There are 2 protein chains.
Amino acid sequence: MTPPDIALSRHPAPIRDIVANIPTSKIGDVAALGRDDPDVIPLWFGEGDLTTPEFISEAATRALKAGHTFYTWQRGIPELRQAIAEYTTRLYGNSCKADRITVTSSGMQAIALSCQAIVGPGDNAVVVSPVWPNIVSAVEVMGAEVRQVTLQFRNNAWTLDLDKLFAACDERTRMLFINSPNNPTGWMMNSEQQAAVLEFCRKRRIWLMADEVYARLVYEGEVAPSFLHHARPDDPLLVMQSFSKPWAMTGWRLGWLTSPSEFGEMLAKVIQFNISGSPAFLQHGALAAIKDGEPFIKHMVERCRAGREQVIQRLAGHRKVKVARPEAAFYAFFSVDGMSDSLAFASKLVLDGKVGLAPGVAFGEGGEGYLRLCFASAPERLSRAMDRIEGQLDKL
Amino acid sequence: MTPPDIALSRHPAPIRDIVANIPTSKIGDVAALGRDDPDVIPLWFGEGDLTTPEFISEAATRALKAGHTFYTWQRGIPELRQAIAEYTTRLYGNSCKADRITVTSSGMQAIALSCQAIVGPGDNAVVVSPVWPNIVSAVEVMGAEVRQVTLQFRNNAWTLDLDKLFAACDERTRMLFINSPNNPTGWMMNSEQQAAVLEFCRKRRIWLMADEVYARLVYEGEVAPSFLHHARPDDPLLVMQSFSKPWAMTGWRLGWLTSPSEFGEMLAKVIQFNISGSPAFLQHGALAAIKDGEPFIKHMVERCRAGREQVIQRLAGHRKVKVARPEAAFYAFFSVDGMSDSLAFASKLVLDGKVGLAPGVAFGEGGEGYLRLCFASAPERLSRAMDRIEGQLDKL
């Protein structure tokens, strides 16, 4: 921790300690080393190499041309909320009405806005880790505390101990955060565990924040086990999803939250003083995605399936590497014998190996000792990247 | 105030009192009465009736087609930051480098993110009012207190008493918020007052948050008096601007903050866990606006000038109305003799008069007794609206 006086002296007027002391993203730190080097193969971020499908971009362009350039509904345009509700009902076999849907400017924003509504000083949020890093800051900026409960890596598989999870919750726990399918590990919570966690949250009146942005990137079936399979409309359940991953729309900043309708009404007030609402013409692109985007998802999944095979085979064959075959999402999260500092090794990989991976230490407790590789890329590109990674592993 | 137990019982799990108790927007409450009625002439929101100019939309469309659909820089694409820095240098005659510019997803977001960085429990922000309502919630959600210092309305003009402003600040004041040109009153702070306030903030190490989104909507000269005319790069000054008003881009949600460069670097971390960054392809639209948008601003100002003349003449001629001729922005903010409840009268205007105005009570202390009309509209539309308003005023 930087002492407060340093935070004060760096700036012409005081900055909150909690914000001054947020570390920079360690993924960003690695990327900064090679962002401008065209020789580096970047597999550090959570996005593939495909641009947004044309039919989506064209729908947004049509709406822009048609003049949808004014202020709009805080919770999203009604036709998109309705389409998401129908998509949810169909996909999870569990009726969902549009009054439970709130469109947000990214999945990240759905979480940040929910944190504003739920956690304050003295409160805590229990977070299953390893996990992508931003959730921790979103809780801490509100003055609340994060408690991490780590997944176990045993026999080349990740598992969660529910007793440990429940024991971490106390009377000031306001939120339980679970990201499944999980970034970075590829772990997928099973349906029985989900039912048990939801029941726990009902009884304890704790908000269950489920980050399900990788719900559609599964290698068996149409969708990952979801809390939405079990949910009643008035459960303390907030399911965050995003257009980013299934439809290659990371740069659009559009997501949605499924919540009790009263929570959504309250969130509208929070949206008003954070961003007011998402651009209406972009939402028409999202509408096309959700209505006509199933073939693209199939294509995306098959592409990731090929990437997974290729990368996991080569990683698993290396004597220094241990890796779980991810059940979902598009990451290989692997440990390396003899690597104690993942940030240092990831930096070396960029500078000497010309390949960009995310260091495990960026993903909180349980992450050090690992590297994350996003395999949502063309096969030739992955081959070249794997050659370079192996070259650096051999020098370790 | 709703007692805490009500907030608890309405939801399946606890919501923060501070958020549960945020009132809904009173502008929104009025708009809800007539939003679906095509006969209502809506002049309630802070936007005109022009869609975004084609050259801006086309630039965004080209960038979208070119595949700018990936994650991007937290603080904005470099070419836009550079263009804004040059625009700032030219417009204010005061050198500004790109490292002081941060692109945000709306001016509102620039404020909300800055509040996260600056104010916490025990702190306060001093806000000049009447003011558009969201700033109050953006401060309060962080657990900080808002102190309003009201403008005076005398001899048909608005003025600010600096002694009163400075006296409201104490050792826990972290931010002084001034919106000039002002929404809703049209008041414009003069350059001497700005120099004095900036000097006060330097000495007291208080962040001066200047909302200058109406900087270009002035009826004499090219730009309103600005703190940027006086600023040194390391002043505790945060100037928020937006693409919304000058370029008819309200629905795009794009703005920017000019700050000390270190503050911008810190804000990048806050952006990361709030939204990650603004869509890159939209930023290419903004780039076109700032590079080639001067003729449109001239057109917009002339249109508003005509609207101002028309509306102020008719309002000033009504025996029950008192109104200041706004020096800037696109609002008439007028008091009505015999109207004690602006929300009730604005509701009546919608339901019986078929015209939508914003009730003064929505703008905090000093706002009750007034109505706000946005005159950035076609002259025929304004004529019809004024006929209807006069009809209702006569019945009061």
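Modeller: Let's start with a definition: two residues are in contact if their C-beta atoms, placed from the backbone, lie within 7 Å. This is a predicted model, where local features need pLDDT of at least 70 and side-chain atom pairs count only at pLDDT 80 or more, while totals for chains, interfaces and linings use all residues. Residues are numbered from 1 along each chain as its sequence is written, and chains are lettered from A and ligands numbered from 1 in the order in which they are written.

Biologist: Which residues of helix H3 of chain B are buried?

Modeller: In general, an α-helix has 3.6 residues a turn, so residues three or four places apart point the same way. Helices (H or I, at least four residues) and strands (E, at least two) are DSSP runs, numbered from the N terminus. Buried means 20 or more other C-beta atoms within 10 Å of a residue's own. In H3(B), residues 26-34, that's Lys26(B), Ile27(B), Val30(B) and Gly34(B). They line one face of the helix, because they fall within an arc of 110 degrees seen down its axis (directions from axis to C-beta atoms).

Biologist: What covers the buried residues of H3(B)?

Modeller: The cover includes helix H13 (342-351), strand E13 (355-356) and strand E14 (358-359) of chain B.

Biologist: What is the strand order in the open sheet of chain A?

Modeller: Strands pair if DSSP finds at least two bridges between them. Here the seven strands run E2-E10-E9-E8-E7-E3-E4, with mixed pairing. Strands E2 (101-104) and E4 (145-150) of chain A are the edges, each pairing on one side only. Inside the sheet, five bridges join the parallel strands E7 (173-179) and E8 (207-211) of chain A; Phe177(A) has Met209(A) as its bridge partner in E8(A).

Biologist: How many residues does the contact take from each chain?

Modeller: Chain A gives 69 residues, and chain B gives 69 residues.

Conventions. A residue is buried if 20 or more other C-beta atoms lie within 10 Å of its own, exposed if 12 or fewer, and partly exposed in between; C-beta atoms are placed from the backbone.
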